[in-house]
Amino acid sequence: MTIDEVKIGGLGASRPRVEDNRFIRGKGNYVDDIALPGMLHMELLRSPLAHARIKSIDVTAAWAIPGVRLVLTGEMMASRNLAWMPTLSYDTQAVLATDKVRFQGQEIACVVADDPYIAKDACEAIIVDYEPLPVIVNPTQAMTAGAPVIRDDKENQHDNLIFDWEVGDKDGTDAAFSAADVVSELELHYPRSHPSPIETCGSIADFDRSTSKLTVYMTTQAPHIIRAAVAMVAELPEHMIRIISPDLGGGFGNKVPVYPGYVVSILASILLERPVKWIEDKTGNLISTGFGRDVYLRGQMALRKDGKILGVRMHTDSDHGAFFSDAQPSKFKIGLMHSAFACYDIPTAHLTAQGVYTNKAPGGVAYRCSFRVTEAMFFQERMVQAAADDLGLDQAEFRRLNFVQDDDFPHRTPFGFLTDSGQYGKCLDIGLEAVGYKKFLEQKEEAKKNGRLLGIGISTMTEPLGAGNSREYDILGIKMFDSAELRVHMTGKAILRTGAKSQGQGHETTWAQIVAHELGIPADDVVVEEGDTDTAPFGMGTYASRSTPVAGAAVSMVSRKIRAKARKIAAHLLEVSEEDIDWELGRFYLRSSPDRGVTIQECAMAAYSNVPDGMEPGLENNAYYDPPNLTWPFACYIATVEVDPLTGVWDVLNMVAVDDCGVRINPMIVEGQIMGGLTEAYAMASMQFITFDDEGNCVGSNYMDYLLPTAWETPGFELHEVVTPCPHHPIGAKGIGECATVGGPAAFVNAVMDALKGSGVRNVDMPLLPDRVYEALTTSRDVSGAPPIRTS
Amino acid sequence: MTSLFEVMPAETAVDTPVRKLTVNVNGKQETLKVEPRLLLAHMIRQALGLTGTHVGCDTTNCGACTVLFDGAPVKSCTMFAVQADGHDITTVEGLASASELDPIQEGFKDEHGLQCGFCTPGMMLSAKALLTENPNPTEDEVRWALSGNLCRCTGYQNIVKAVLLAAESLQHQEASKDEGETL
């Protein structure tokens, strides 16, 4: 009697989502939905200026408003040694400004009041006297001799440089360039963007003097990291801190860092001994919290006439804002930028990187990507297209010629990563077939005769997902493993907890599917909980597509530990030795007599009622999983577009996505993630960016200026799959949540640039707004999108 | 001082201007006293405890706060509570009956039309208004009707499918009702 794995909701089942039952009824439990008895409300006062010395702050009028319970400024924070906090990148960040404001939107003061309306009124009553200072909004300004030093609070900081970093083989790469027939070049800016989940950040801090326990409900993707940070910053004992991350209205990396609002709400609750709620407004979220990208990339490719890539040089100038608070593994200063070109067989490469301070919001986060991988892959695929064009080769064939071959794994990338599996050529073939590549090229030529501009853009890439192995990956020294804890109750039902934290990924559904696959317990019999540090095992949280590669692997491993114990119990129940029994899904049976067996549920009952002599009762365990390597999904995205030469407007005709993320736990959820990712890719390529004027005013501080595509603009997508199992993951899965966001933008931009081919234009910076495309078409010159924005 | 977020007792502090209003929410008559500046979204969430209506952007763009106002979708984050005096409001909590889900809710679940769930209530209410007015919409009509609601997770494709599926099942329901009547 074999169990059908798909029927019990195991691997490969498009199981309907468990969490939907509450969401479709409006019964989700987001931070702002929580109301505690006696709760007060907090509002932050933010700086209107991007760079200014604070001469004085007068809070008298704020205190005088009825209903105001507390007003805090940087000076008061400083008296408790809390005016500054450490960042995730070994820098410091102001909690409430004391000396200067360093970006528009910086937190200056807070008011706690009986309701948020009163708190807002009181914030407006605070009078701040500023002395404006010169403003820096890009790396060129930052590194100009004599530029004002933004971080004059730091000893030994005499300019705006944060780091100089390099990786790769300089001499080898120089030699490759000497031997090159052709050298191709490209320079571009990947604009600042904001992850912008629809739900903003917020917290409710609840300090109970009678128990000394601090409970904080918080919009965080990484509750355990927050607990550690609060323990260190606020000097509270870790066991007296409970962080609860309830349902999150999206995260996309924005909810990884520690923000001043969280810290201030905690202090306010300790001072007032009442729960204090802080819910950020959208402008606060867009102008002050973790952004993505903002990197200037330039590079060269050494090429042989026949199309073989001999070597690559890259340089990045990254704009980190006023505080270096990137959320990334500590060893890599510009994230995993050096994962670029991993899908191509390139002998040698060299990358130099410089990071600077500017008068912009801090917090470079992995916006739906693994630590700067988005910028790396965008540059890679733009560079590859430029090189193919320079050589006069077909862009698909040029890629195929340089791909790492299927039998070439494990493969060492030019920057030293080890990729482990893939079928790159097959993915490309499926994509080309689906889009009708040859036919489209003919249509394009035909259309050209009638003055119509069609273009096709390809983006192929493998990216490193699932940080990471603990040798290479840590945040503030904490190794990037993850965890799972499984308790099987006596009736065979179970509860699973992990150190990850879903923000829409559907862990309550998919983790149960892994248990079903490993133990044969129907997924409906497994409840999944995450996000409460008092109950969940320690984990590093969910970002960088690490849940399935790391926490998901831990779910497999803990299930296998449970199975190992159940096997001993089964042998005891069958009165045979362990060597005489075999496992099939959900059941142990006697090898010599397969009809005689016991189910996993019978083993569970016995674990509490009839254990063998000497065995501990119960059926529960935990697993901490340190992956041997990252996982390397591969994707091929192909877009076709038509550009209107009279307006610069471009429309997507077709978008084909071929994703190989290894074994798919829940195909429905995987496809949902790919479509969401493609939409963010389209957003970045077409409309979504944050920029600044020369006074450091943020342009993109609300949804009227910061454009997100709606159902009306978003194109349709055609999805295809290839499955190359990850050789080291327990169930062969790879990360997927961000592939489309990472690889997608280059497909759209390459398509528009292909439509402009022959015009002499080499690059138009994202987003490809109609006026930029029109300018490129009419001037035949590249169009830069670097701030400050042009006002004329 | 009574908090703005509580249903105010009659003897509210003298210095707070208060308006009395009566509103029908999900078929239930509610009488409240509120400050004139209280936003409708906050009245629904805090005073009535219906937290399925979410506040996303504060500027009428994202649509997470969408409710039905006399049957028409409105963004409750930029309306005052007092404007609802004498009107009917439907929130996500009013979509399902005690025993069964609305076909729109079924559609969103069946077609995987949601991920984080934050935009979902507003999205479903906009869809409800569309299907009431136009029971058999085209894909373009669905996309246009939902273009005041932002979603960051799904890419809309499955949301559109969900609404089309709901339209189909509503038509089946109507058809079987008609059949029942003829018999």
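**Exercise 1. Describe how domain 1 and domain 3 of chain A meet.**

*Solution.* Start with distance. The centres of domain 1 and domain 3 of chain A, taken over C-alpha atoms, are 38 Å apart. The model is predicted: local features need pLDDT of at least 70, side-chain atom pairs count only at pLDDT 80 or more, and totals for chains, interfaces and linings use all residues. Residues are numbered from 1 along each chain as its sequence is written, chains are lettered from A in the order in which they are written, and side-chain values use heavy atoms, without hydrogens and water.

Next, locate the domains. Domain 1 of chain A is 20-27 + 482-625, and domain 3 is 292-467 + 629-779. These bounds come from an automatic or database domain assignment.

Now count contacts (heavy atoms within 4.5 Å). Domain 1 of chain A brings 21 residues, and domain 3 of chain A brings 21 residues.

Then take the buried area (accessible area, 1.4 Å probe, that two parts lose on being put together, summed over both). Between domain 1 and domain 3 of chain A it is about 1,400 Å², with 62% from carbon and sulfur atoms. A:Ala544, A:Ser545 and A:Pro549 supply 34% of the area that domain 1 of chain A buries against domain 3 of chain A, more than any other three residues.

Last, check for salt bridges (side-chain nitrogen of Lys or Arg within 4 Å of a carboxyl oxygen of Asp or Glu). The count between domain 1 and domain 3 of chain A is 0.

**Exercise 2. How many residues and how much buried area join chain A and chain B?**

*Solution.* Count residues. Chain A gives 55 residues to the contact, and chain B gives 47.

Take the area. Chain A and chain B bury about 4,500 Å² between them. Carbon and sulfur atoms carry 59% of that.

A:Ile24, A:Tyr117 and A:Ile198 supply 18% of the area that chain A buries against chain B, more than any other three residues.
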